Amino acid sequence: MFAYLKLLVKQRLALWNPARNLRNAKSKWKVVLSYIGFTLGMLALYGMLVGMEYLLYGAFVQLGEPQTLLALTGIVCTLLVIVTSFFFVLSELFFSRDIPFVSALPITSRGLLGAKLIRIWIGEAGIALLVCLPVVILYGIGHAMGVFYYLAAIILIPLLSVAPLAVVTLLSFALIRVSALWKRRELLTIVASMAFLIAFLYAEMRLSLSAEGSDLGALVLQLVLRQKQMLDLVVGIYPPIQLFTSALTNGGGSALLHGIMFAGLNISIMAVVWVLLGNGYQRLAVRQQESLARLNASKRRVGKQRERSPLTALYVREMREILTVPVYAMNSLASAVIFPVLFAVMVVSGGQTSAELAMLPALAAMVPKPVLIAIIAALLTFLTSMNMAVATSVSREGKRHEFFQTLPVKPRNHLLAKLLMGLTVNMLCVLPITVILLVAIPSLALTILLGFVVSCFFSTAMASFALMVDARHPRFGWKNETEAIKQNGIAALTMFGSMGFIVLCGAAFYGLLILNVAALNALLIVMGIALGLDVFLINRLMKTTANTYIHQEIRN
Amino acid sequence: MIRFENVTKTYSGGATRAVDNLNLEIESGKVFGFLGPNGAGKTTTIKIMTGILQPDAGTVWLEHADIAKDTIEAKRMFGFVPDSFEMFERLTGIDYLRFLADVYQVGEAERKAHLDQYLPLFDLEKAIGQQIRSFSHGMKQKLQIIGSTIHQPRIWILDEPMVGLDPASMHVLKQKMRDYCDSGKTVFFSTHVLDVAERLCDEIGIIRDGKLIAQGAPDALMRSESATSLEDVFLNLTVKEG
Ligand SMILES: Nc1ncnc2c1ncn2[C@@H]1O[C@H](COP(=O)(O)OP(=O)(O)OP(=O)(O)O)[C@@H](O)[C@H]1O
Ligand SMILES: [Mg+2]
């Protein structure tokens, strides 16, 4: 088990080996620069997080409840694990390519599951540490905490993710077992995962909005009047976090006791899951792989084939890939499904949320139209910016990049097909919510439509930019599809950059308003910037970038 | 016609010379067998002539197109079967072939005729509607072979095409390579199967450490090395001297 674990970890680290990348590169300083750029970008992002935590800490000190921030950060980590690791666990455990290979090794099924879970846990623990440590240090300095406090933090923070991981593991086993009963199991996996996420988000919203049955207004009132500690509210979301917080903040014996209890709780939940599922794991995973091979054995024969242009053929292939690979579909189209469904559930389930929704049109009517257009455009653009479909479209070619290189197709057509795919996916994400808005607030139809149009200018610029970055710095060396779309640092950086860009444009718009520029003119100016960017980026994409793209060599 | 002029390619910033000043000309209408020990530079050479890799120096001509300059025209000229099975696992076999036909702009009638001929030959009629990931190695190889000739290219390039084929398919492939040349086109393939090369090829090239160390018709090579088989020639040239 440990030999296999070592292999897994080594494999992961090898991807990051700068020395090797340096050795294989044509121009060394470019690699060095890109590493420095990447590091700086990451640091800047992390700096933003730390800054935000710093501000939050200040706010919580003002409220007199700094320990609540500790609890809150812990909960954020827990939720983060559940949401982010779900697809990851699913694909690592059941869709990973090494399953046939390791199944032939003399490792027990439990050992296999254990190694995989530890490997996932190491990653999650690292993220948890990064997120939590700033707050922990701020609190530690603020309260002049001793060595034991920091020691406890270092030990307990990585444990935060253990219980959520156990839950996620349990869920993914259940999902695979259930889906085994159906024929179109892949489709089912997509649908069920989406349903799970929606249910989770919904439950989370309900829980945090109406904990203990009181409605939001009353809750805020209670908080303001200080009849109720915010801590209780936060702890209500995930009770074990109480142990985590008190282990850190209480002194002496009770801290130790709570710390041990928290650790014990996490580890024992995981142990139960591991013992229960470990023995059956290998069989289930292998069966899953076998059924993949038998899948979709439609008896379709050659049939009639209409001719398509090369560009259409490339585009159709891109779209087909996005729609048929479960992880890609889930990543690209989640927002197309989740937000409309959430909205529908909220409206149907009635109660206070829909009452608040009913106030929206009245509220919106008070805002000047151009400002409203800008807000709608920003929201829609934000939705598309989370989409990794286009930002990883070159990387996702993987080793098949060489196949594309041999095709007699103009380089620009390759990129054009990818860009068109990206824009289509953007539309799929944005159109449903636009339609819902139109139906919900018909009085603002024109405003919403204009907002949609403005957002198109921005999302096109962002898609072009993301594609440009990916074509210049593709990461072809992935081993499974989850890795291809989820673990692409540069694409993630591009995504944050795009979000930053939206914020910047928002700020520019706001700045213009402050400078007494008429709202409509301000909107036109910002839109002009986006339009200029569209033209510039697409032009560059079709010329310089297309050449870079076709000459990218796969290094191994 | 295929012509290499002073082609050189290094890896790892110059540390490995995978192809070292290669000069080679192959006339139309010939089957050319490209031999050499593991790591000699065969795949690298093939990747250069198909536009996957950029040579550090030199030019490759495919008919009258320079792969570096008249790229699109040159790429239309060849069909290529690579040595690995990195394919579009989730496309069905027929969708993959259709994609290729569209990209190479093959007309409806031609593609139908091609498939009607090749699918039964390689016994893929039943599987062709299934996703490629359900294919065995040999089936994937056969699918690539069918796809690579869908546009009737002037030059057919294959990197170790015999690996994993069953005897019947191997026979069909050899037959097709022969037919191809007899109609005036060119076949360029790398292989480790020496007795196949000996019987099938009009011309042989042997490469070692990126350098072409021998070229000629199989019997001419055997005569000059006073050997009785291509295997002896190969061993003489690549092992003993080393
Ligand atoms: N991507 C790469 N990076 C660095 N070196 C490489 C790379 N690809 C090949 N090489 C090196 O180039 C040389 C030639 O490799 P190539 O794949 O062309 O050999 P080959 O003749 O096809 O061998 P085989 O018969 O095993 O297929 C080898 O020394 C190999 O190590
Ligand atoms: Mg090779």
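Predicted model: local features only at pLDDT ≥ 70, side-chain atom pairs only at ≥ 80, totals over all residues.

Reader: Ok, so is B:F34 buried or exposed?
Author: B:F34 is buried, because its relative accessible area is 0%.

Reader: And what about B:F32?
Author: B:F32 counts as buried too, with 0% relative accessibility.

Reader: What do the rings of B:F32 and B:F34 form?
Author: They form a tilted aromatic pair, with 6.1 Å from centre to centre and 35 degrees between the planes.

Reader: How many aromatic pairs are there over all chains?
Author: The count is 19. There's also an aromatic cluster made of A:F403, A:F404, B:F88, B:Y96 and B:F99.

Reader: Switching to helices: at what angle do α3 and α5 of chain B cross?
Author: Roughly 25 degrees, and the axes of α3 (residues 93–103) and α5 (residues 137–148) come within 10 Å. Angles under 35 degrees count as roughly parallel, so α3(B) is roughly parallel to α5(B). The crossing is right-handed.

Reader: Which residues make the contact?
Author: On α3(B) they are B:G93, B:Y96, B:L97 and B:L100, while α5(B) brings in B:L143, B:Q144, B:I146 and B:G147.

Reader: How many of the residues in that contact are nonpolar, polar or charged?
Author: Between α3(B) and α5(B) you get 5 nonpolar and 3 polar residues, with no charged ones. B:Y96 from this contact also belongs to that aromatic cluster.

Methods:
Residues numbered from 1 in each chain as written. Chains lettered and ligands numbered in written order. Heavy atoms only, no water. Axes fitted to C-alpha atoms, helices over the stretch in contact; angles between N-to-C directions. Helix = DSSP H or I, 4+ residues; strand = E, 2+ residues; numbered from the N terminus. Parallel < 35°, antiparallel > 145°, perpendicular 65-115°, else oblique. Left-handed = near helix turned anticlockwise from the far one by under 90°. Contact = heavy atoms within 4.5 Å. Nonpolar A, V, L, I, M, F, W, Y, C, P; charged D, E, K, R; others polar. Phe/Tyr/Trp six-rings, centres within 6.5 Å; stacked < 30°, edge-to-face > 60°. Buried < 20%, exposed > 50% of the residue type's maximum accessible area, 1.4 Å probe, protein only.
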